[in-house]
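Subject: Handing over the structure, with notes

Dear colleague,

Please find the structure below, followed by my notes on what was found in it.

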Amino acid sequence: MSLAVLCSGQGGQNPSMFDIVEAEPDAGPLIAQASACAGFDVVAATKRTDAGPSMFDNAIAQPLICAFQDIVWSLLAPRLTAAGVSMSLCAGYSVGELASHACAGSLSSADTIALARLRAAVMDDASGTDDGLAAVRGLSRRELDALVASSGAFVAIVNGDDHFVVGGVASALDALVHSVDARGGTAQRLPVRVAAHTPLLRTAVDPFRAGLERRTWMAPTVPVVAGIDGAMVRDRALAIDALARQIAEPVRWADCMDGLVERGATTCLELGPGNALARMIRDRHPQLAARSVADFRSLGAVIAWVARADR
């Protein structure tokens, strides 16, 4: 078996996402450390019901997601190793690509969360007050390109032949959603308040690159798939360039999924929150065994499933 670990992007946060982690006896110190690095209680942030910052606000969402994935992988990795299973590849969707470098050993937990905070801050600084993203399905790339050109939006993520995410200002997204619906496709605004992976965020690239340069990078234990082109990243310079550029360039997630298969992945485990990546890779490559941590009720069940898939 070749195990690919997938780190989710924004959108799957939910009040119960830490339940599977909190049930683990070794989780307490990891949660405390992650909360200290994030500057807020990561578990409490998912359950907040007052008018304060939401877990979908960029400044909370990005460090929260990276912290969650780092905690989950820190708990899973030694137990998978004990079961005779090791990760062969790692990939991350949008901000998940940053977390994937922590899973691969390129970055420490503290540096990963610090970089997630910086990424959120520079993206917010570069964004307008009404920027956002929308998911589009049911149209070809040629059809979508025509609508994007007329609406003023941008293709942000390519998930498949008829599955995309677009970014732009609210007026452009509203026009695009209307045009997609009129042509028989479906479009839905996403709970992300920046036009990530579009030229609207180009002023965030250099500040984030500078932050990446200041951190300590180590040799990864496995390659990380770059979101912008599906290339295998094994060194510091390529990692920094890919992470910086993807803020303002489209993520080619379909190419990443294909690259995992081409490099021998047979089993994919998404760390969550949510299970969008597992569903997408099953749709595109149904021969793969692919599930998310979010599909299980305990980490023990996750390990048992991965071990069974190894047979």
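Which residue stands opposite Cys 268 in strand 10? It is Ala 290 that stands opposite Cys 268 there, and I will return to this pair of strands once the ground rules are clear.

This is a predicted model, in which local features need pLDDT of at least 70 and side-chain atom pairs count only at pLDDT 80 or more, while totals for chains, interfaces and linings use all residues. Residues are numbered from 1 along each chain as its sequence is written, and side-chain values use heavy atoms, with hydrogens and water left out.

The open sheet

Helices (H or I, at least four residues) and strands (E, at least two) are DSSP runs numbered from the N terminus, and two strands pair if DSSP finds at least two bridges between them. An open sheet of 6 strands has the order 8-7-2-1-9-10, with mixed pairing. Its edge strands are strand 8 (232–233) and strand 10, each of which pairs on one side only.

Strand 1 (residues 3–7) runs parallel to strand 2 (residues 87–92), and 5 bridges join them; within this pair, Leu 6 stands opposite Ala 91. Strand 1 also runs parallel to strand 9, to which 4 bridges join it, and here Ala 4 stands opposite Cys 268.

Buried means under 20% relative accessible area, exposed over 50%, and partly exposed in between (1.4 Å probe, protein chains only). Strand 9 is covered on both faces, with Thr 267 and Leu 269 buried on one side and Cys 268 and Glu 270 buried on the other. Thr 267 counts as buried because its relative accessibility is 1%. Contact means heavy atoms within 4.5 Å, and, leaving aside residues up to four places away in sequence, Thr 267 touches Met 1, Ser 2, Leu 3, Ala 4, Ala 289, Trp 305 and Ala 309.

Helix 12 (residues 276–284) lies across strand 1, strand 9 (267–270) and strand 10, and it runs at about 160 degrees to strand 10. For such angles, axes are lines fitted to C-alpha atoms, for helices over the stretch in contact, and the angles run from 0 to 180 degrees between N-to-C directions. In the loop between strand 9 and helix 12 you will find Pro 273, which a cis peptide bond with omega of about 5 degrees joins to Gly 272.

The cores

A nonpolar core is a set of buried Ala, Val, Leu, Ile, Met, Phe, Trp, Tyr and Cys residues joined through side-chain atoms within 4.5 Å. The largest one has 97 residues, of which Val 21, Leu 76, Trp 253 and Leu 271 touch the most other members. Helix 4 (residues 58–82) gives the largest share of this core, 13 residues. There is also a second, separate core of 17 residues, which includes Leu 139, Ala 153, Leu 173 and Leu 176.

A helix pair and a hairpin

The axes of helix 7 (residues 141–151) and helix 8 (residues 170–182) come within 9 Å and cross at roughly 145 degrees. Where they meet, Leu 144, Leu 147, Val 148 and Ser 151 in helix 7 touch Ala 172, Ala 175, Leu 176, Ser 179 and Val 180 in helix 8.

Strand 4 (residues 154–160) is mostly covered, since 6 of its 7 residues are buried. A hairpin through 2 residues joins strand 4 to strand 5, and the two strands pair in the antiparallel sense over 5 bridges, with Phe 154 standing opposite Gly 167.

Some single residues

Ser 94 has a positive phi of about 60 degrees although it is not a glycine, and it lies in the loop between strand 2 and helix 5 (96–103). Is Ser 94 buried or exposed? Ser 94 counts as buried because its relative accessibility is 10%. Arg 297, in the loop between strand 10 (289–292) and helix 13 (299–309), is exposed because its relative accessible area is 83%. Arg 297 and Ile 20 are 277 residues apart in sequence and 6.4 Å apart in space, C-alpha to C-alpha.

With best wishes
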